[in-house]
Amino acid sequence: MKKVLCVVTNDLVQDARMIRICTTLHTSGYLPVLIGRIKPHSLSFEIDDFQWHRMRCFFSKGPFFYAEFNLRLFFQIWSRKPDIIYAVDVDTLGASIFGGSILGAAVIYDAHEYFSETPELIEKPFKKRIWKWLEKTLIPKTDQAITVSVALAELFEKLYRKTFTVIRNIPDASYENVPSFEERQKGLIYYQGVLNEGRGLEQIIKAMKFLPNMQLCIAGEGDLSEELRNLAAKSQGGSCINFVGWQSQEALFELAKKAWIGINLLDERSLSYKYSLANKTFDYIKAGLPALHMDFPEYNHLIHQYQIGWVTKSLQPEVLAKMLQQIYDHPNAWSVVQQKCVQAAAELNWEKESKRLLEVFENL
């Protein structure tokens, strides 16, 4: 049985994609070990299907963090001696490629995002150039490459002259009934994910003052946690905004089932976001939750194919409020979209998507 070391720099509790991938590898005859981080306020993590290890780093961000993480990762690779290294995003590639070359291990690169084009680097040209150089230098050295959307795959193939297999982050098939319109909390707007720059969270908080008959639930934490809570507390609609912090995958699904509409709002200045296909997209679909997405290629394609929500071209609070109010005022149209979500969930599931993952491993 081949040993696979799967590596991410984030907290494992919130990484449903990697839990899903490692579980699939385990049931398919591989021996996966998932390596990630544990942070001061991390939730407990208990998975019995495969091995895992959480590294406690001294530094939490910046160049010292990446240096420390890759140094620790190299020793993990050296001590565990995997046959395959599954490296998620370019910030894990340095140690993965170096360690893999010494041990003769194959390296699979999984691009969850266009790392050098994330919002955090838009105003930091020097750091951006460093990450672009690392991408250009390291990605071509990998044995197989994966990404989460067709748009990113096409972009990466032009940049790095390397084939990328698209494996979307789709949840397992669900056979339980999702709540109907009458069973949901009408007017409950729901966001799940990291509270970072460029995710439209400031704008939706500001939009709430125009929506007195609605509530906003935000599930997650991130770099903007304190700033967003302060903004909500000072805003006119702050009493209708609830931050619930990090939640387990099961709790997130229950929250989504209670909500009336999901939101996936992103800054178009970030190419990583423009070509993304966010994890929450399919979580919303599984919960039978219609959602408002950005007018970006992947979301347009999904909505054209399955009619599972709406798109907006603007992040202006007034525009968002107007769109949400229009959806609120037409419950029959909402019900049609919800049924489309239920139908799409029957077709979009990990059982089908995981076949492409196993093909990548078989082709090594």
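Thr 281 is buried, with a relative accessible area of 1%. Here buried means under 20% relative accessible area, exposed means over 50%, and partly exposed lies in between, with a 1.4 Å probe and protein chains only. Thr 281 belongs to helix H10, which covers residues 279-286. Helices (H or I, at least four residues) and strands (E, at least two) are DSSP runs, numbered from the N terminus. Thr 281 and His 293 are 12 residues apart in sequence, and their C-alpha atoms are 8.5 Å apart in space.

The structure is a predicted model, in which local features need pLDDT of at least 70 and side-chain atom pairs count only at pLDDT 80 or more, while totals for chains, interfaces and linings use all residues. Residues are numbered from 1 along each chain as its sequence is written, and side-chain values use heavy atoms, with hydrogens and water left out.

Consider next the chain as a whole. The chain contains 14 helices and 13 strands. Its radius of gyration is 20 Å, close to the 21 Å that the globule rule gives for 364 residues, so the chain is as compact as a globular protein of that length. This radius is taken over C-alpha atoms, and the globule rule is 2.2 Å times the number of residues to the power 0.38. Along its principal axes, the C-alpha trace spans about 60 × 45 × 40 Å. Of the 364 residues, 54% count as buried.

The two ends of the sequence may now be examined. Asn 363 is found in the segment after H14, and Asn 363 counts as exposed because its relative accessibility is 55%. Asn 363 and Lys 2 are 361 residues apart along the chain, yet their C-alpha atoms are separated by 14 Å.

Charged side chains provide further links. Side chains of opposite charge can pair when their charged atoms come close. A search of the whole structure finds 12 salt bridges, a salt bridge being a side-chain nitrogen of Lys or Arg within 4 Å of a carboxyl oxygen of Asp or Glu. One of them joins the side chains of Glu 117 and Lys 128 at 3.2 Å, N to O. Glu 117 lies in the loop between strand S5 (106-111) and helix H4 (125-138), and Lys 128 lies in helix H4, so the pair ties together parts that are 11 residues apart in sequence. Glu 117 is buried, with a relative accessible area of 8%, whereas Lys 128 is partly exposed at 21%. Glu 117, Lys 128 and Lys 132 are linked in a network of salt bridges.

Another salt bridge connects Arg 168 with Glu 353 at 3.1 Å, N to O. Arg 168 is in the loop between strand S7 (165-166) and strand S8 (188-192), and Glu 353 is in helix H14 (residues 350-362), so this pair ties together parts that are 185 residues apart in sequence. Glu 353 counts as buried, at 3% relative accessibility. A further salt bridge joins Arg 269 and Asp 267 at 2.9 Å, N to O. In this pair Arg 269 is partly exposed, with a relative accessible area of 49%, and Asp 267 is buried at 15%.

Accessible areas come from the Shrake-Rupley method with a 1.4 Å probe, and for residues only the protein chains shown count as cover. Glu 226 lies in helix H7 (residues 225-234) and counts as exposed at 62% relative accessibility.

The surface also has a nonpolar patch of about 380 Å², made by Phe 58, Phe 59 and Phe 64. Phe 64 is located in helix H2 (residues 62-80) and is exposed, with 58% relative accessibility.

Finally, the backbone deserves attention. Lys 81 has a phi near 50°, a positive value in a residue other than glycine. Lys 81 lies in the loop between H2 and strand S4 (84-88) and is partly exposed at 41%.

Conventions
Patches are made of residues with over 30% relative accessible area and no salt bridge: like charges are joined within 9 Å, nonpolar side chains (Val, Leu, Ile, Met, Phe, Trp, Tyr) within 5 Å.
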